[in-house]
Amino acid sequence: MKRAISIIMAAGMAALAVTGCGSSSSTQATTAQTTAASGETTSGETSAPAENKEAQVITFWYNNTGDEAAVYEKAISEYNASQSNYKVEGLSVTDAQKVIVAMSSNESPDVIKISNQTVVQYQKNGLLESLQPYADKESFDSSIYSEQAMNANTIDRAIYALPLDAYTIQMYYNKELLKEAGYTEPPKTMEEMYEMAVKATKVDGSGNIEVLGYPLFPYASARQELIYGFGGRWWDEESNVTPDNAGILESLNMNVKYRDQFGGKALDGFIGTANTNRYTEQDMFFQGKQLFRLDGSWLPTMMKNFKSTVDYGITLIPGTQANPELRGTSRYETDSVAVPAMAKNKDGAWDFTKWLCSQEGAKIIDLGTGNLPAVKALYDDADIKAVPGFTEFIDALKQEKGIQYPVMADYDEYISMINATLDTVYSGSKTPEEALKALAGQSANLK
Amino acid sequence: MKGRNATQRDFINGLLFSSPWILGFLAFSVYPLISSLYYSLTKFNAVTAPQWVGLDNYKDIFSDPLVWKSLGNTLFMAFVSTPINLFVALLLASIVCADFKGRGFVRTAFFLPSVIPMVAATMVWIWMFDPTYGYINNVLSWFGISGPAWLMDAHYTKWALVLMGTWNTGTMMLVCMSALQSVPRSYYESAEIDGAGKVARFFYITVPCIAHVLVYQAILSTINAFQYFQQVYIIISANAGVKGGSAAGGPENSILMYPLYVFHNAFTYLKMGKASAMAWLLFIIVAILTVFMTKVTRKVTENAGGE
């Protein structure tokens with residue numbers, strides 16, 4: 001009797017442990033049964049619309065939160081209302097790690113919104129479904145997008161994602177500070193910009209910078225646009241790393257010259273504070289403490305919301321005296337919509353992707369999130385053009401001078417190396433030549 | 001014969017009773033451990049099938065300067081931050097053990113930072129370290145010192161983390177407080193009769209009596225330092241806007257801690273194989289350190305006449 005009791009108790013504990021471990025799957029099974037009973041099928045059960053006309057569920061993960069997430073939900077509602085074959089269920093997932101874990105555990109969403117840089121990385125790791133067969137099958141018209149938008153999402157001549165919106169950087173300038181420095185027109189060349197920046201920079205009695213003339217903040221722009229303006233490139237057309245590019249050195253030398261003139265510590269102090277307050281009411285540009293700011297199309301809306309009284313203008317990023325045609329060269333990125341290779345309902349995923357990135361879907365997203373259009377027809381849309389700053393940025397987009405991301409799996413590692421290299425230049429521990437030489441050695445084996 | 005049956009029965013019953021733990025241990029500890037060892041010998045992006053590469057990942061980590069840089073940063077936190085934190089905790093514990101009015105409030109105030117979520121606390125510290133408007137530099141300016149850009153200058157970033165760490169020593173303070181209160185008062189009374197001053201009493205009575213607790217705290221704190229992640233992840237993410245790029249290690253990689261670099265390899269660079277190899281290297285380092293520190297603890301306990 002005693003033995004029987006002990007066996008029953010032990011078996012009970014073991015059963016508890018096993019059911020504890022398996023609760024998730026059993027819950028899923030129950031859910032599947034429930035949905036099947038109610039006539040609703042999960043996205044993985046069939047690949048074509050169900051015979052009973054119930055919509056198949058498509059899961060869509062986007063990396064936006066708050067008001068922007070609401071914009072995505074609005075777009076999802078409109079798609080769901082526009083047809084009856086599929087029902088999209090959206091989820092805000094800001095953690096890229098979660099997407100990877102979901103893909104690896106057979107819980108992949110059907111559609112994901114990612115940057116075009118991530119499109120390249122995922123494609124190189126075999127995580128994305130090529131959309132080319134779907135496009136070919138339907139003779140999908142990709143010419144509705146700008147050429148650079150399609151290039152940003154095409155790898156080895158195959159489409160891996162559709163562009164949802166675009167993102168580029170141009171130059172803002174504070175008209176009042178420019179006037180105080182004795183100029184009425186913004187610079188067209190880097191040399192002019194430097195001259196204006198030096199004259200406009202204000203330093204207090206302790207050497208602290210009160211007004212930053214040269215656009216070293218944000219560093220991300222110093223790493224990109226200030227270098228592109230000199231014709232510098234971190235990689236070439238074939239995605240080979242090119243840290244020995246002459247334009248990079250030229251740009252860094254100008255940055256170092258400015259730092260030497262006003263002091264690295266003073267600049268770090270200004271930039272540190274600027275970073276803590278970026279895109280807040282105390283943002284240095286919104287407060288009239290930056291002459292030039294290389295930033296995105298969302299800045300005017302933010303300034304309006306924060307009631308900034310700064311009188312600003314928007315102009316193209318300067319070229320150089322030797323190469324004035326480089327004016328307006330900037331990074332070009334897209335938010336992209338892709339289908340993971342592990343998606344369960346790829347037909348439905350393609351249908352939703354196509355709609356979301358169409359003129360109708362993209363307009364909702366562009367207006368709601370303040371990003372620029374990738375669909376060319378939206379360039380001249382009255383609602384889009386009414387957004388502060390969009391006219392100037394769309395003019396810049398039309399020049400198609402965007403610098404594309406390289407198609408390399410180790411892109412993130414390369415950027416980390418570049419950032420660390422630039423740190424050594426700015427801290428004065430290495431000259432630009434030494435730092436770039438070291439970077440060439442470090443990055444030689446990247447793929 | 002009957003005795004052996006009874007022993008077998010007890011053994012089986014024991015196994016059955018402990019089976020929930022055994023199953024959990026096998027599923028959640030042994031299996032991931034063996035898996036990570038296998039993955040460390042493969043090229044694996046966490047999603048598609050791993051490809052066997054033998055010891056390539058280990059060769060890679062030994063030739064990657066960032067592995068050693070991150071290990072150096074982590075060792076700095078382990079061996080510089082730990083003694084400072086221990087000193088601060090002991091100091092605070094000594095203060096709150098004294099008999100004075102408002103002692104309860106002071107104890108609560110000292111302990112309070114320990115219950116604040118790390119994310120919130122780190123965000124507050126980022127503001128405190130602001131070069132222009134931050135409290136730290138404002139206080140320094142009262143003494144005519146022009147404070148640095150704490151989180152922008154590679155010379156100061158790790159010291160900023162050390163400073164942050166001292167704020168969060170409440171739990172350590174509680175343990176020290178408990179140890180201090182366990183020292184028999186008769187020892188102090190005898191020493192006082194013999195003419196020992198406060199300093200002598202502290203170094204010749206207090207410290208030896210609580211040495212085993214201090215060593216134990218030092219071990220825990222050192223091992224915790226090898227898992228230093230959250231604070232730097234938040235600081236670097238907050239600075240990501242200024243630099244761009246999701247994966248970085250702060251100015252000149254000065255706060256790239258080892259666990260953060262493992263994380264970047266696993267989830268940013270999608271190099272799960274290399275991340276697994278790095279995790280095993282860390283495991284070996286921590287295991288050696290633990291064995292060494294355990295021996296030290298035993299020695300200290302024996303010297304203190306402990307049980």
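Me: Which residue stands opposite A:P163 in β12(A)?
Reply: In β12(A), A:S336 stands opposite A:P163. This is a predicted model: local features need pLDDT of at least 70, side-chain atom pairs count only at pLDDT 80 or more, and totals for chains, interfaces and linings use all residues. Residues are numbered from 1 along each chain as its sequence is written, with chains lettered from A and ligands numbered from 1 in the order written.

Me: How many bridges join β6(A) to β12(A)?
Reply: β6(A) and β12(A) are joined by seven bridges and run antiparallel. Strands are DSSP runs of E of at least two residues, and helices are runs of H or I of at least four, numbered from the N terminus; strands pair at two bridges or more.

Me: And how does β6(A) run relative to β13(A), parallel or antiparallel?
Reply: Antiparallel, with two bridges between β6(A) and β13(A), residues 372–373. A:D165 has A:P373 of β13(A) as its bridge partner.

Me: Is β6(A) mostly covered or uncovered?
Reply: Mostly covered, since eight of its eight residues are buried (20 or more other C-beta atoms within 10 Å of their own, all placed from the backbone).

Me: New topic: why is helix α5(A) largely enclosed?
Reply: Helix α5(A), residues 116–124, is largely enclosed by the rest of the structure because eight of its nine residues are buried. Among them are A:V119, A:V120 and A:Y122.

Me: What covers the buried residues of α5(A)?
Reply: The cover includes the strands β3, β4, β6 and β12 of chain A, together with helix α19 (411–426) of chain A.

Me: Which residue takes a positive phi just after α5(A)?
Reply: That residue is A:G126, with a phi of about 70°.

Technical notes:
A residue is buried if 20 or more other C-beta atoms lie within 10 Å of its own, exposed if 12 or fewer, and partly exposed in between; C-beta atoms are placed from the backbone. Two residues are in contact if their C-beta atoms, placed from the backbone, lie within 7 Å.
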